[in-house]
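Trainee: Could you show me how to read a few features of a protein model, giving the general idea and then the case at hand?

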Amino acid sequence: MLIGYARTSTLDQDAGFEAQIRDLTVQGCEKLFQEQVSSVAPRKQLEAALEFARQGDTLVVTKLDRLARSVVHLGKIIETLEAKGVALRILNLGVDTSTPTGKLMLNVLGGVAQFEREMMLERQREGIAKAKAEGAYKGRKPTVRARSEEIKALAEQGMSMGAIAAKLGIGKGSVHRVLNPKALAGP
């Protein structure tokens, strides 16, 4: 059986999500697992697909980055699939691990993908360091500190922490930090 897995990181990526589902259906996937969640978040549908797969099945994804977030993660997925006798097919790469060449290509491509990601993160860190040195990078604005007077005023009116948080669209913990800074400072 061909088992399809489709994933996008956000709900805003509807076109990409629909394209994955279309491509997996065209390939003949009889069962589709799909989710819109970050690659680093728990992925219940991926877990369900891995659990569902049986010996002789093939898990199909449109792209490698839809499946794994790193070479280590990919290795764990492949280990799980191999233990069950399940192959992996990645459409845009033409890779199918049911063949020795497909297994080799997947390992090489996984290493290249991880290298590319690490290089991107390194360039990002360098860019941030350069911007900080030039005084152009200040980081994220401290949103709650900027609203601390508003939080205190609402608390003085008798509003609960939960109600303040809901009204201002911030977390209850943030409200607590503003109203009880010593409680969170520790002993």
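**Reading the surface and the rings**

Mentor: L104, V108 and V112 make a nonpolar surface patch of about 260 Å². This is a predicted model, where local features need pLDDT of at least 70 and side-chain atom pairs count only at pLDDT 80 or more, while totals for chains, interfaces and linings use all residues. Residues are numbered from 1 along each chain as its sequence is written, and side-chain values use heavy atoms, with hydrogens and water left out.

Trainee: Is V112 buried, partly exposed or exposed?

Mentor: Buried means under 20% relative accessible area, exposed over 50%, and partly exposed in between (1.4 Å probe, protein chains only). V112, placed in helix α4 (residues 100-133), counts as partly exposed because its relative accessibility is 46%.

Trainee: How many aromatic pairs does a search of the whole structure find?

Mentor: Rings of Phe, Tyr and Trp (its six-membered ring) pair if their centres lie within 6.5 Å, and planes under 30 degrees apart count as stacked, over 60 as edge-to-face and the rest as tilted. The search finds 1 aromatic pair; the ring centres of F33 and F52 are 5.7 Å apart with their planes at 55°, so the pair is tilted. It links distant parts of the chain, 19 residues apart, with F33 in strand β2 (residues 31-36) and F52 in helix α2 (residues 44-52).

Key:
Patches are made of residues with over 30% relative accessible area and no salt bridge: like charges are joined within 9 Å, nonpolar side chains (Val, Leu, Ile, Met, Phe, Trp, Tyr) within 5 Å. Accessible areas come from the Shrake-Rupley method with a 1.4 Å probe; for residues, only the protein chains shown count as cover. A salt bridge is a side-chain nitrogen of Lys or Arg within 4 Å of a carboxyl oxygen of Asp or Glu. Helices (H or I, at least four residues) and strands (E, at least two) are DSSP runs, numbered from the N terminus.
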